[in-house]
Amino acid sequence: MTTDSAPPTGVTLGYYAVGFFDLLGQQDYLRAMKNLPTPGDTDAFAKLGDDLKNTHGAVKMMRQLFAKFFELYTPKPPDDPSLTLEERAVFVHDADEARLPTQGILGIFTSAGVTFLGSMLNGHPIRGGIDIGIGFEPDAGEIYGPALSRAYALESKIAQYPRVVVGEELVKWLTELGRQDVTDIFSRTSQNTANECLSCLTYDTDGVAIIDYLGPYFASLAAKAELDASPIHGAYETVKKFAARYKEEKNSQLAFRYASLRRYFEARMPLWQDHHGPKAES
């Protein structure tokens with residue numbers, strides 16, 4: 001999203017949607033990497049390799065997975081049979097992020113959901129926050145400003161356990177776009193996509209909006225693509241292992257958080273039974 005506001009410093013301010021994601025458990029692996037292995041110590045080298053895989057490797061995988069799915073949401077003609085050839089031509093020639101920011105938001109939401117599940121499947125839980133606000137780019141690919149601050153606050157203060165929280169301002173903006181008057185192909189697409197974005201969300205037990213990565217919207221995408229949902233069931237098994245581990249360790253804080261995550265999975269698993277896999281356990 002862009003704006004033409006340019007302060008005296010020469011920095012161009014704009015409205016940005018920002019996602020801030022934390023790959024949990026990284027500190028434990030990093031603290032374990034205290035010394036370089038002694039030449040010839042194969043066990044030490046093997047452990048170092050595992051630690052690197054669970055730190056840098058996990059971060060790299062998360063970024064690649066997110067980027068792969070986000071690329072699918074570059075502006076493109078909507079799947080709307082009511083569009084005329086002329087409308088499609090206008091869309092192809094004039095579509096960009098400034099006119100259709102909702103497609104970018106949908107890309108963030110769906111990519112966050114897929115990345116969350118993929119990382120969980122591999123034993124690397126994610127906690128995140130997504131919101132909109134003012135920001136600027138001090139360097140290419142770098143965001144600074146209230147937009148980043150809001151997303152970080154959602155991740156660090158509100159999320160609490162592995163989930164991706166969506167800010168109130170972003171939900172409000174999408175809701176308003178979903179109710180706007182339709183005047184052309186762009187406003188129609190923006191309205192439809194805003195409502196599609198809202199379909200990616202649900203409200204958690206504490207009243208905050210979160211990415212509903214196991215909800216009806218994501219289940220319908222999987223069904224349409226005829227995807228095997230075995231990764232969903234694999235991620236569920238990982239969640240159960242985390243919950244059992246922290247309960248056994250009597251880590252009340254983490255045990256409570258992963259019990260909340262397990263309850264979310266079990267409430268949504270019936271949506272995925274037709275995609276193959278074991279039933280959720282009570």
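## Contact between H4 and H9

Contact here means heavy atoms within 4.5 Å. By that criterion, Leu117, Met120 and Leu121 in H4 meet Pro231, Ile232, Gly234, Ala235, Thr238, Val239 and Phe242 in H9. The contact residues divide into 8 nonpolar, 2 polar and no charged. Ala, Val, Leu, Ile, Met, Phe, Trp, Tyr, Cys and Pro count as nonpolar, Asp, Glu, Lys and Arg as charged, and the others, Gly among them, as polar.

This is a predicted model: local features need pLDDT of at least 70, side-chain atom pairs count only at pLDDT 80 or more, and totals for chains, interfaces and linings use all residues. Residues are numbered from 1 along each chain as its sequence is written, and side-chain values use heavy atoms, without hydrogens and water.

## Packing geometry

H4 spans residues 101-121 and H9 spans residues 230-248. Helices are DSSP runs (H or I, at least four residues), numbered from the N terminus. The two pack at an angle of about 60°, with their axes 8 Å apart. H4 passes H9 in a left-handed crossing (the near helix is turned anticlockwise from the far one by less than a right angle).

Most residues other than glycine have a negative phi. Glu226 has phi near 55°. Its place is the loop between H8 (216-224) and H9.

Lys250 has phi near 60°. Lys250 sits in the loop between H9 and H10 (252-268). Lys250 is also exposed, at 72% relative accessibility.

Note on methods:
Axes are lines fitted to C-alpha atoms, for helices over the stretch in contact, and angles run from 0 to 180 degrees between N-to-C directions. Buried means under 20% relative accessible area, exposed over 50%, partly exposed in between (1.4 Å probe, protein chains only).
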